[in-house]
Amino acid sequence: MRIGHGFDAHRFIAGDHLFLGGVKVPHYFAVEAHSDGDVILHALCDALLGAAGLGDIGEHFPPTDPQYKNMDSRRFVKIVKQLLDKNHWKISNVDITLVAQMPRIKSYKLEIKHNIADDLGIDPNQVNIKGTTTEKMGYLGREEGIAAYAVALLIQDKSA
Ligand SMILES: [Zn+2]
């Protein structure tokens with residue numbers, strides 16, 4: 001078994017929606033990003049790549065590469081899943097924490113869980129989504145941006 005950790009943060013800019021776990025969430029800010037800036041899916045990709053010893057999201061999908069402009073981050077997750085398959089890694093579980101003063105993800109959690117389970121070809125009970133604030137402390141508390149942490153546990157199965 002191998003464990004991996006991922007972290008991602010994006011700055012808020014003017015706008016009216018953002019993407020969290022593949023769900024379009026209405027908000028009074030957008031995020032500054034080359035892709036769709038989905039912090040949940042970016043942290044998840046890094047946790048999965050980390051556990052598999054396959055580097056990080058920036059190496060696989062360079063922000064300087066025009067083909068990733070405004071990219072739906074669910075595509076990144078699907079590509080990472082293919083890399084895991086190729087290297088005989090099976091996913092035991094993933095656990096993700098969104099850190100944001102606003103928006104709150106309570107009403108989107110179930111949809112996010114199902115998006116991730118679908119894209120990774122796993123059961124929704126292998127995916128946990130949590131949301132927390134920093135009680136208005138720091139850059140996240142001041143609503144300068146949004147961040148997410150993820151951990152993933154993989155099991156290598158050479159017979160598969
Ligand atoms: Zn990101």
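Which residue forms a salt bridge with R11? The partner is E32, with the closest N and O atoms 3.7 Å apart. We'll come back to this pair below.

## Before you start

This is a predicted model, where local features need pLDDT of at least 70 and side-chain atom pairs count only at pLDDT 80 or more, while totals for chains, interfaces and linings use all residues. Residues are numbered from 1 along each chain as its sequence is written, and side-chain values use heavy atoms, with hydrogens and water left out.

## The sheet

Let's begin with the strands (DSSP runs of E, at least two residues, numbered from the N terminus, as are helices, which are H or I runs of at least four). Five of them make an open sheet in the order β4-β1-β7-β5-β6, with mixed pairing; two strands pair if DSSP finds at least two bridges between them. β4 (30-31) and β6 (127-132) sit at the edges with a single partner strand each, so one side of each has no neighbour in the sheet.

Strand β1 (residues 2-13) pairs with β4 in the antiparallel sense over two bridges, and F12 has V31 as its bridge partner there. β1 and β7 also run antiparallel, joined by 10 bridges.

## Helices across the strands

Helix α1 (residues 39-52) lies across β1, β5 (89-99) and β7 (145-156), at about 155 degrees to β1. Helix α4 (residues 109-120) lies across β5 and β6, at about 145 degrees to β6. These angles run from 0 to 180 degrees between N-to-C directions, with axes fitted as lines to C-alpha atoms, for helices over the stretch in contact; contact means heavy atoms within 4.5 Å.

## The zinc ion

The protein donors of the zinc ion are D8 (OD), H10 (NE2) and H42 (ND1), 2.0 to 2.1 Å from it. Donors are N, O and S atoms within 2.8 Å of the metal (3.2 Å for Na, K and Ca), and water is not among the atoms, so sites may look incomplete.

D8 is buried at 14% relative accessibility, and H10 is buried at 16%. Buried means under 20% relative accessible area, exposed over 50%, and partly exposed in between (1.4 Å probe, protein chains only). H10 also stands opposite I146 in β7.

## Salt bridges

A salt bridge here is a side-chain nitrogen of Lys or Arg within 4 Å of a carboxyl oxygen of Asp or Glu, and the count comes to six. Back to E32 and R11, at 3.7 Å: E32 lies in the loop between β4 and α1 and R11 in strand β1, so the pair ties together parts 21 residues apart in sequence. E32 is partly exposed at 43%, and R11 is exposed at 56%.

D119 and R74 form another salt bridge, at 2.7 Å. D119 is buried at 9%, and R74 is buried at 19%.
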